[in-house]
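User: I'd like a close look at one part of this model, followed by a walk through its surroundings. Please keep the whole account connected.

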Amino acid sequence: MGRIQNEDGIILVASLILLFIVSLFLFTLVSWHSNLYRTFDSIETYYEKETKKIMWQGG
């Protein structure tokens, strides 16, 4: 980046670092949320299949 000559350069660098940190946090949060709901969907599908199997057996 070369030499930072004044406070404007420091603010730019600080804002870029903050942007990177916030973006990384949001990406992690969205990924976690997606994985959580994928797990819930698979559990729901499992119980739907088991319910249909029990209903077809007449139980």
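What does Ser42 count as at 43% relative accessibility?

Analyst: Ser42 counts as partly exposed, because its relative accessibility is 43% (buried is under 20%, exposed over 50%, and partly exposed in between, with a 1.4 Å probe and protein chains only). A word on the basis first: this is a predicted model, where local features need pLDDT of at least 70 and side-chain atom pairs count only at pLDDT 80 or more, while totals for chains, interfaces and linings use all residues. Residues are numbered from 1 along each chain as its sequence is written, and side-chain values use heavy atoms, leaving out hydrogens and water.

Ser42 sits in helix 1, and its side chain reaches back to the backbone oxygen of Thr39 at 2.8 Å. Helix 1 runs over residues 7-57 (helices are DSSP runs of H or I with at least four residues; strands are E, at least two). The protein chain has one helix and zero strands. Of its 59 residues, 0% count as buried, so the label of Ser42 as partly exposed at 43% can be read against that background.

Tyr46 is partly exposed with a relative accessible area of 46%, whereas Tyr47 counts as exposed at 53%.

Lys53 forms a salt bridge with Glu50, with the closest N and O atoms 3.5 Å apart (a Lys or Arg side-chain nitrogen within 4 Å of an Asp or Glu carboxyl oxygen). A search of the whole structure finds one such bridge. Lys53 and Glu50 are three residues apart in helix 1, so about one helical turn lies between them. Lys53 is partly exposed at 44% relative accessibility, and Glu50 is partly exposed at 25%.

Now for the other direction. The UniProt annotation "transmembrane region", from an unreviewed entry, covers residues 12-32; such annotations may be inferred rather than shown by experiment. This span is 100% helix and 0% strand, and its end C-alpha atoms lie 30 Å apart. Leu18, Val22, Phe25, Leu26, Leu29 and Trp32 form a nonpolar surface patch with about 620 Å² of accessible area together (over 30% relative accessible area, no salt bridge, nonpolar side chains joined within 5 Å and like charges within 9 Å). Val22, one of these patch residues, is found in helix 1 and is partly exposed at 39%.

Finally, the chain as a whole exposes about 5,800 Å², with carbon and sulfur atoms supplying 68% of it (Shrake-Rupley areas, 1.4 Å probe).

Conventions
Polar contact = N/O pair within 3.5 Å; in protein donor to acceptor, adjacent residues only side chain to side chain.
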